[in-house]
Amino acid sequence: MESVQAVATYVFWACAGLVAYAYVFYPVLLRILTVGRAGPVAPPIPQDDRLPSISVLIVAHNEDSIIRERVENLLTLDYPKDKLELVVASDGSLDRTDAIVGEYGDRGVQLRALSPRNGKASALDRVVPTLRGDIVVLSDANTMMEVSALKRLVRWFSDPTVGVVCGRLVLTDPETGKNVDSAYWRYETFLKKCESKLGGLLGANGAIYALRRDLFPGIHPSTIVDDFVIPLIARIRTGCQIIYDESAVALEETPPELGMEFKRRTRIGAGDFQSLTLVWPVLNPAQGWISFTFLSHKLLRWLCPFFLVGLAVSGLLLINQPLYLGLFALQLALYLVAFAGQFVSHQSPISKLVRLTTMFAAMNAALLVGFFRWATTRQAGAWERTAR
């Protein structure tokens, strides 16, 4: 019995320490490591005649409710028309997406109607090699870019060591259109800034990022988190820089229901575990800071659901000791608060803290479900559109 208690004690504190490191101590350490580091300095935006040719690619599936607004947004972007290729790849859409995009053919918007539907990764594999631009900008159908976003992204490519540039996604309320970046989203943005300063930025955001066309690696059709895999494979193969430019802004509405967000996160969770089979070489310390940021920011966080389960089980085995009884009760209380948080809507400081607890619990639950979906090969590469 004593040996069981000893193992349980070790497991408890190991799991608690790893969760605390992934979410608390890593950001603190990252901040310390970046003190005094200016990070990459944004080059000036070149004159129009010196800008590279670019192709903006949107992969869409059944997006007739938003695709017109998205195409209109593309047409307002500030970039020389003779150097800009606009392409919408419709992945087996069954609604009016193809017809709507087709209306803009005389304004330079190309429709690539793909059939049958094989998912976004397959669409990228088929379309990207056919694009004309030296730089490819990838975005989503439900994302709206600010007018200067393209120029801000591509200015970095004047440096031949830069292979990928990620812009900043701002989340907005679907009712008011106001910025509703949560504490968690600001926390993630902080990590991106610090990791960029270290030269250890991980992947991109599918809503707005750019890469050199000749660095596109080609990906397996079953790939789920393409915006994570593509930049990292490019980095592994060539050693190119991945840059974060917070001035290149895209806007996206938050999902109207928590259940939709959970479904999205479950899919991403399955993709995270799948990506390990593709990008594991980045863990090699020879890759530089990116191996440290990948281990700390991604791998340990993906394993946090298992650490939380280990924390609960080991705490239960130690419940006969007053300290662990109190800590087990604290865990239960936090999960109850997280459950209650889904019913909280007002914006007081306490309610925001409660919602943050809910997000933490939901994110780890989604990761756990995503792991089993990946392990049982139940997660397909094709995505389902989010209701808006």
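**Ground rules.** I took the model as predicted, with local features needing pLDDT of at least 70, side-chain atom pairs counting only at pLDDT 80 or more, and totals for chains, interfaces and linings using all residues. I numbered residues from 1 along each chain as its sequence is written, and side-chain values use heavy atoms, with hydrogens and water left out.

**Entry 1, strands.** Eight of the eight residues of strand 2 are buried (buried is under 20% relative accessible area, exposed over 50%, partly exposed in between, with a 1.4 Å probe and protein chains only). I noted that Leu 84, Leu 86, Val 88 and Ser 90 point one way, while Glu 85, Val 87, Ala 89 and Asp 91 point the other way. In a regular strand the side chains alternate between the two faces of the sheet.

Next I checked the pairing of strand 2 (two strands pair if DSSP finds at least two bridges between them). Strand 1, residues 54-60, runs parallel to strand 2 and is joined to it by seven bridges; Ala 60 has Ser 90 as its bridge partner in strand 2. Six bridges join strand 2 to strand 3, residues 109-114, again parallel, and Val 87 has Gln 110 as its bridge partner in strand 3. The chain crosses from strand 2 to strand 3 through helix 3, residues 97-102, in a right-handed β-α-β crossover. Right-handed means that, with the strands pointing away from the viewer, the path from the first strand over the helix to the second runs clockwise. Strand 1, helix 2 (residues 67-76) and strand 2 also make a right-handed β-α-β unit.

I looked up the nonpolar cores (sets of buried Ala, Val, Leu, Ile, Met, Phe, Trp, Tyr and Cys residues joined through side-chain atoms within 4.5 Å). The largest has 41 residues, and Ile 54, Val 56 and Leu 150 have the most contacts inside it. A second, separate core of 40 residues includes Leu 202, Tyr 209, Ala 270 and Ile 290.

I found eleven salt bridges in the structure (a side-chain nitrogen of Lys or Arg within 4 Å of a carboxyl oxygen of Asp or Glu). Arg 68 pairs with Glu 103, with the closest N and O atoms 2.9 Å apart. Arg 68 is in helix 2 and Glu 103 in the loop between helix 3 and strand 3, 35 residues apart. Arg 68 is partly exposed at 33%, and Glu 103 is partly exposed at 42%.

Arg 107 forms a salt bridge with Glu 72, at 3.9 Å between the closest N and O atoms. Arg 107 lies in the loop between helix 3 and strand 3 and Glu 72 in helix 2, so this pair ties together parts 35 residues apart in sequence.

Lys 193 and Glu 246 meet in a salt bridge at 3.2 Å, N to O. Lys 193 lies in helix 6 and Glu 246 in strand 8 (residues 241-253), so the pair ties together parts 53 residues apart in sequence.

I checked the span of helix 6, residues 183-198: its 16 residues should span 22 Å at 1.5 Å a residue, and the end C-alpha atoms are 23 Å apart, which agrees. The expected span is 1.5 Å times one less than the number of residues. Buried residues in helix 6 include Trp 185, Leu 191 and Cys 194. Gly 199 follows helix 6 and has a positive phi, near 80°.

Conventions:
Helices (H or I, at least four residues) and strands (E, at least two) are DSSP runs, numbered from the N terminus.
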